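Please keep the sequence and the coordinates at hand while reading.

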Amino acid sequence: MTRTGTTQTHLRRALRREVPSTVGLLADEHDFTAMRRYRTFAFDDHPTYLRQVEALLRTLATQGGHTTVTLFDPEEYAAYCAETALDPDHPTSRSRYTAHLGATGARVTYTGQPLSSLLPELVDTAVRHATWEYATTVLATAGDCATCGKDIGKAAFERAARLLHRLLDAAGPGTHHLVCSVSAADDQLVAALHTHAPTRPDADTTPYAAADDATAAEFTAVLAAGIALRAPGGLVLRTSTPGDRDRLHGWRLTGDTLTPLTEAEVFAAYCTDARTGEPLSPEPGVDHRAGFPLAPDPDEDETGHH
C-alpha cells in the first residue's frame, strides 16, 4: 500500500470513530419470532441472534465510537414502514427505523456491559420512556378547567411537585425510595424515585436535590397525571437510615390530595401478593407505619383549579 493510501485509510478510521452507531435489539423471543416473517431477516433462533448482537457491540466498542442500543418493536416497525412507504422486508428499512429510534426512542449507551445486564436496563428505560410519554400526553391534552379556566395539566403538575416537596421535607433525613402508581384507562402508570437527604432540608434546599432531575420529573408527571385524571392511585415511601430498621409509609391519591394510609393498610399492601391476593411473609427488619400527614399547601387556594 502506498503512503498516500495508508494515510487515507488512517483518516477514514479516525473519522469512523466520530460516527455514532445505534443497534436495534429484539429483546425477547416473541419479537424475534415476529421478525422471522421477513425473508431478508437472516436469523433462525433468538439465542444465536443475541450472541451475534453482543459480538457486534464489542466490535463497535473496539473501534472507539459512541454506541447506543434501542428496543426494536416489530409492530411499531410495520406501522413506521406503512407511514413512510417503505418495504418492511428490506435491510435498509430496518436501518432507517433503527436510526429513527435512536433519535426519538428510549436508548442505552453501550459501555462494554454484558447483554445480561444491558437487556434489563434497556427494558426498564423503555418502560420509563413510555410512561413519561403517556403521562405528559395526559397533561398536555387535559384542557382548561370549565369553572376557573386554568390549564388542568399545568395546575396538576405544579400541585404534584408541591406534594412531593412537602412529603420529602416531612420525611426528614435518610435514604428515600418512593413508588407512585396510578390507574389510567387500561394502563397502570408506575414511577420510582430514589433520593438521599443527609440532613433535614432547610428552607433554601430542595428535598430531592440529590435525585436525578429527569427521574424526579418523571415521578412528578405520573403523580400529576393521576391528579389531572382524578384516577385512583397510591404512593409508598421506604426510608432507610444507618443503624435503624427501614420504615414503610403509604398514601392513597384522592383527587389532588395524598391521604395517609393506616398502619394496617400499609402492612396489607406490602404483605399481599398483587397477582394472587395471597398473603406474603413480612420482610425482616422493616416497620410498617401509617402515612404521615403533610403540611398545608400555602399556594393551594391560589393555584389549584376547581
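**Confidence and architecture**

Over residues 203–210 the pLDDT stays under 50, and for this stretch the model has 14 contacts beyond four places in sequence. The structure is a predicted model, and the reading of any such stretch has to take this into account: where pLDDT is low, the predicted coordinates should not be read in detail. For the protein chain as a whole, the average pLDDT is 86, and 85% of the residues score at least 70. Confidence is highest in helix α4 (residues 74–84), with a mean of 96, and lowest in helix α10 (residues 300–303), with a mean of 51.

The description of the fold may begin with a sheet. Strands of a sheet pair through backbone hydrogen bonds, either parallel or antiparallel. Three strands form an open sheet in the order β1-β2-β3, and their pairing is mixed. Its edge strands are β1 (21–25) and β3 (107–109), each of which pairs on one side only. On average, neighbouring strands of this sheet are turned by 30 degrees against each other, direction ignored. Strand β2 (residues 67–71) runs antiparallel to β3 and is joined to it by three bridges; within this pairing, Val 69 has Val 108 of β3 as its bridge partner. Helix α3 (residues 46–62) lies across β1 and β2, and runs at about 170 degrees to β1.

Strand β4 (residues 174–184) and strand β5 (residues 187–197) run antiparallel and are joined by eleven bridges. In this pairing the partner of Leu 178 is Leu 193 in β5. The hairpin of β4 and β5 has two residues between the strands, and Ala 185 takes a positive phi near 55 degrees there.

Strand β4 is also joined to strand β6 (residues 233–240), by eight bridges, and these two run antiparallel. Here His 177 has Arg 238 of β6 as its bridge partner, while Leu 178 is partnered in β6 by Leu 237. Strand β6 in turn runs antiparallel to strand β7 (residues 246–254), with seven bridges between them, and Val 236 stands opposite Gly 250 in β7. In the hairpin of β6 and β7 there are five residues between the strands, and Gly 243 takes a positive phi near 85 degrees.

Among the helices, α4 packs with helix α5 (residues 91–104) at an angle of about 105 degrees, their axes being 10 Å apart. Angles of 65 to 115 degrees count as roughly perpendicular, and α4 and α5 are therefore roughly perpendicular to each other. On the α4 side the contact comprises Glu 76, Tyr 77, Tyr 80 and Cys 81, which meet Ser 93, Arg 94, Arg 96, Tyr 97 and His 100 in α5. By class, four nonpolar, two polar and three charged residues make up this contact.

Aromatic rings provide a last point of orientation. A pair of aromatic rings is described by the distance of the centres and the angle of the planes. Eleven aromatic pairs are found in a search of the whole structure. In one of them, Phe 32 and Tyr 49, the ring centres are 5.6 Å apart and the planes stand at 50 degrees, so the pair is tilted. This pair links distant parts of the chain, since Phe 32 belongs to helix α2 (residues 29–35) and Tyr 49 to helix α3, 17 residues apart.

Notes
Residues numbered from 1 in each chain as written. Predicted model: local features only at pLDDT ≥ 70, side-chain atom pairs only at ≥ 80, totals over all residues. Heavy atoms only, no water. Pairing = 2+ DSSP bridges. Helix = DSSP H or I, 4+ residues; strand = E, 2+ residues; numbered from the N terminus. Axes fitted to C-alpha atoms, helices over the stretch in contact; angles between N-to-C directions. Contact = heavy atoms within 4.5 Å. pLDDT = per-residue confidence, 0-100. Parallel < 35°, antiparallel > 145°, perpendicular 65-115°, else oblique. Nonpolar A, V, L, I, M, F, W, Y, C, P; charged D, E, K, R; others polar. Phe/Tyr/Trp six-rings, centres within 6.5 Å; stacked < 30°, edge-to-face > 60°.
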